[in-house]
Amino acid sequence: MSMQRIDARPPVRLFWLQSGGCGGCSLSALGAENPDLVTTMEAANIEVLWHPSLSEASGREVVSLMERLESGEEPLDILCLEGSVMCGPNGSGKFHILSGTGRPMMDWIRALAEKARYVVAVGSCAAFGGITAAGDNHVEAVGLSYEGRKPGGLLGGDFLSSGGLPVINIAGCPIHPGWLCETLHQIAAGTYNETDVDEWARPLSYTMHLVHHGCARNEFYEYKASAERLCDQGCMMENLGCKGTQARADCNMRAWNGAGSCLDGGYPCINCTAPEFEEPGHDFLRTPKVAGIPVGLPTDMPKAWFVALASLSKAATPARLKENATAEMLTVPPSDKGKTRS
Amino acid sequence: MTRLIVGPFNRVEGDLEVRIDCADGSVQNAEVVSPLYRGFERILLGKPPLDALVYAPRICGICSVSQSVAAARALASAIGVSVPRNGELAINLVHATENVADHLTHFYLFFMPDFAREIYRSEPWYEDIRERFTATRGTAVETVLPARAQFMHIMGILAGKWPHTLSIQPGGSTRAAAPGEAARLAVILKAFRRFLERQLFGDQLERVAALENEEALVSWAGERAPEHSDFRRFLNLSAALDLARLGPSSGNYLSYGGYHLEDTSLFGHGTWRNGQANAFDPGDVAEDLVSSWYKTDGPEPPASGTTEPDAEKTSAYSWCKAPRLGGEIMETGALARQLINGHPLVRDLVSRHGGSVHTRVVARVLEIALVVMAMERWVAALEPGGHFITHGDMPSRAEGIGLTEAARGSLGHWISIENGQISNYQIIAPTTWNFSPRDKDGVAGPLEQALIGAPVRKGETDPVSVQHIVRSFDPCLVCTVH
């Protein structure tokens with residue numbers, strides 16, 4: 001008896017473009033583990049037609065493939081864009097002409113998005129404009145179907161790909177490899193639908209959570225034992241601009257690079273999965289306050305209750321937490337009552 | 001004369017186009033085009049100075065830590081703060097992890113797959129190289145990706161995450177290592193050393209690091225069959241294809257040194273011109289803008305540089321500016337670094353053949369061994385419990401320069417602060433030096449010069465020799481223009 005292929009479906013064809021970004025989402029994806037990125041794609045039955053960092057094909061070969069996809073001569077299942085769409089100057093797209101083609105990248109992106117069954121924005125730049133849209137945004141950087149928080153972008157806020165879904169925004173700066181791998185796997189399996197994304201069309205698989213969830217500093221948060229300077233061990237919400245209680249992502253439940261997260265690294269969450277995170281309206285590393293009370297308190301919590309609970313819990317802060325909160329390393333260990341350290 | 005436009009170039013970071021004029025089977029003239037402009041120098045204007053540590057790493061996803069280090073050093077010089085020894089060690093470890101991972105990615109995923117192309121089918125080494133290095137399907141990929149990812153756990157422990165960490169600050173690192181964590185770092189390095197010694201070198205790092213000259217390298221390579229290790233595989237095909245003659249360097253090299261520790265650094269800084277080492281003075285750097293799509297023509301010293309895009313400028317052909325040192329082009333990268341630091345093997349190779357595809361790759365692979373050995377020493381030197389950071393106050397008015405070495409070469413940030421805000425910020429990245437366009441005197445950039453004479457086979461639209469030369473610089477185009 002001959003072996004039968006388990007997956008008899010034709011491979012799902014993916015094409016990856018990069019425009020106004022830093023390539024960091026691809027590099028982050030290369031860190032995928034258990035299994036690695038290439039094996040993950042294979043397991044998802046995804047055939048990568050071309051990826052700028054990984055593929056052999058260069059030059060004419062790629063342009064001719066793009067022409068065949070654009071004309072519909074060859075089918076395209078998933079289009080991934082990494083980096084924002086460069087519309088400037090004056091809507092001409094001349095800030096990024098795709099090399100070897102003389103044609104603005106934004107035209108290529110639009111043409112291929114119209115043909116793709118699914119369109120995936122990889123990272124906050126492709127989703128919302130991201131860091132590239134910061135400052136005066138004289139480069140006119142936008143996302144695929146958002147311009148910051150405004151629906152629109154290159155393809156329009158009501159864009160649906162031929163598979164019937166909006167642009168799927170795997171937001172983050174950068175993305176966690178797990179967010180990408182899981183989403184692509186589900187799309188390729190044909191099981192993805194509109195209930196799998198949140199109000200910004202981000203995969204709920206990771207935006208169902210707050211960065212606060214699983215944060216190793218939660219006990220400090222409970223007692224409002226706050227870090228005062230970077231590298232302190234306490235909660236960074238009160239003084240250092242940490243947005244973990246508002247930011248939507250599972251960064252503290254799913255390790256980064258095998259071991260970490262921003263908070264574990266000793267610096268605040270800047271809410272990089274959210275539209276317009278690049279322009280917080282205040283110093284990233286400082287919490288804006290009114291009358292000593294931080295603005296931008298946790299979502300879902302009435303302000304008066306927060307203030308009341310915070311003053312209560314502050315009064316009850318154990319000495320261990322108070323001391324550790326402003327130390328560079330945890331110095332006072334928890335103790336068992338009645339047992340002294342030998 | 002036939003003009004070829006080569007692009008899009010993949011397996012480089014960012015978008016790149018190379019225009020070449022060919023005649024008599026070789027390249028006669030080349031123009032290097034960086035076709036993407038994002039304007040980070042403008043984004044940073046008016047921002048709180050420390051916010052540069054959020055924006056600047058995002059210039060580049062492959063060398064974000066190098067951008068952090070340059071920004072933090074520029075801010076540190078503005079604040080006047082110095083880093084405690086533990087902080088220096090932690091920063092060096094994080095920075096080295098990025099640089100080594102970058103060299104590894106370059107060798108295995110970006111550079112070697114070109115030798116698995118059909119065009120080399122008749123070569124005696126082809127079958128082995130095809131099986132080992134074919135893009136995404138070669139046997140190397142399945143071992144390199146996990147080894148790289150595990151090595152990057154150092155980032156998880158000491159930097160929170162990679163890319164785009166905020167752990168590197170002007171006064172040190174926000175992540176103090178505990179004793180148990182120092183032990184984990186040592187274990188990760190041990191596992192990575194094992195991968196390097198079994199797969200990449202097929203020998204101890206110490207033996208590779210101690211190779212003194214070309215004879216020693218050739219004799220070391222000959223101890224085993226090429227298939228015994230990936231570096232030997234490269235040396236074998238490099239000899240067969242005479243890569244030592246391909247993509248010649250101009251003879252001018254620059255390095256800012258790097259990996260600082262208590263008033264010294266692992267690699268020294270300076271320049272190398274006409275076979276001579278010289279000191280480097282940042283005051284000699286200026287950017288020419290004649291061939292770049294910006295409003296002025298320059299040359300401008302970076303401290304007072306401008307970034308006013310002009311997509312209609314007819315004399316221009318690239319978004320890359322043209323940095324010059326005392327008016328001269330400079331090549332930067334692992335080759336320049338090891339040459340200036342005086343590694344005997346690199347000095348010997350350059351004195352015999354000059355810089356080339358061969359020398360650039362040998363210097364890069366050699367550097368993997370040198371830096372991993374240094375990382376082991378730095379981990380052993382960590383003193384958990386001691387300080388990792390010093391805090392300082394940001395003045396409302398100041399200037400600062402931050403110089404460092406990214407994997408690809410010399411990276412500099414120049415910052416001016418007025419009224420507590422960033423009033424000017426200029427960045428010169430390694431590939432800005434290497435891939436710069438022509439200046440006011442019509443002098444071509446290092447890559448433009450290195451491409452002259454590259455062989456073009458009949459019928460080639462994207463000449464493979466041009467691909468080898470371009471990738472031997474390990475270019476990063478998103479950094480170039482930033």
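Between chain A and chain B the count is four salt bridges, a salt bridge being a side-chain nitrogen of Lys or Arg within 4 Å of a carboxyl oxygen of Asp or Glu. In one salt bridge, the side chains of A:Glu56 and B:Arg117 meet at 4.0 Å, N to O. On the side of chain A that touches chain B, helix H1 (24–29), helix H2 (37–43), helix H3 (60–71) and strand E5 (97–98) of chain A each supply at least two residues. Helices (H or I, at least four residues) and strands (E, at least two) are DSSP runs, numbered from the N terminus.

This is a predicted model, in which local features need pLDDT of at least 70 and side-chain atom pairs count only at pLDDT 80 or more, whereas totals for chains, interfaces and linings use all residues. Residues are numbered from 1 along each chain as its sequence is written, chains are lettered from A and ligands numbered from 1 in the order in which they are written, and side-chain values use heavy atoms, with hydrogens and water left out. The model scores ipTM 0.97 and pTM 0.97. Chain B averages a pLDDT of 97, and 100% of its residues score at least 70; pLDDT is the predictor's confidence in each residue, from 0 to 100.

The contact between the chains takes 73 residues from chain A and 82 residues from chain B, where contact means heavy atoms within 4.5 Å. Chain A and chain B bury about 6,000 Å² between them, and 59% of this area lies on carbon and sulfur atoms. Buried area is the accessible area (1.4 Å probe) that two parts lose on being put together, summed over both.

In chain B, an open sheet of three strands has the order E1-E2-E3, with antiparallel pairing; two strands pair if DSSP finds at least two bridges between them. Strand E1 (2–6) and strand E3 (26–33) of chain B are the edge strands, each pairing on one side only. From one strand to the next the twist averages 20 degrees. Axes are lines fitted to C-alpha atoms, for helices over the stretch in contact, and angles run from 0 to 180 degrees between N-to-C directions. Five bridges link E1(B) to strand E2 (residues 17–23) of chain B in the antiparallel sense, and B:Val6 stands opposite B:Val18 in E2(B). B:Arg19 also lies in strand E2 of chain B. The side chain of B:Arg19 makes a polar contact of 2.9 Å with the side chain of B:Glu17. Apart from neighbours within four places in sequence, the residues in contact with B:Arg19 include B:Arg3, B:Leu4, B:Ile5, B:Asn29 and B:Tyr317.

A further open sheet of chain B has three strands in the order E14-E15-E16, with antiparallel pairing. Strand E14 (398–406) and strand E16 (421–428) of chain B stand at the edges with a single partner strand each, so one side of each is left without a neighbour in the sheet. The twist here averages 15 degrees from one strand to the next. Nine bridges join E14(B) to strand E15 (residues 409–418) of chain B, the two running antiparallel, and B:Thr404 stands opposite B:Leu411 in E15(B). Helix H3 (residues 64–79) of chain B packs on this sheet and touches E14, E15 and E16 of chain B. The direction of helix H3 of chain B makes about 150 degrees with that of E14(B).

Strand E7 (residues 258–261) and strand E8 (residues 264–267) of chain B run antiparallel and are joined by three bridges. The bridge partner of B:Gly258 in E8(B) is B:Phe267. Two residues lie between the strands of this hairpin, in which B:Glu262 takes a positive phi near 45 degrees.

In chain A, the peptide bond from A:Asn34 to A:Pro35 is cis, with omega near 0 degrees, and A:Pro35 is found in the loop between H1 and H2 of chain A. The peptide bond from A:Cys173 to A:Pro174 is also cis, with omega near 0 degrees. A:Pro174 is located in the loop between strand E11 (168–170) and helix H6 (177–189) of chain A. A:Cys231, a residue other than glycine, has a positive phi near 90 degrees.

Technical notes. Polar contact = N/O pair within 3.5 Å; in protein donor to acceptor, adjacent residues only side chain to side chain.
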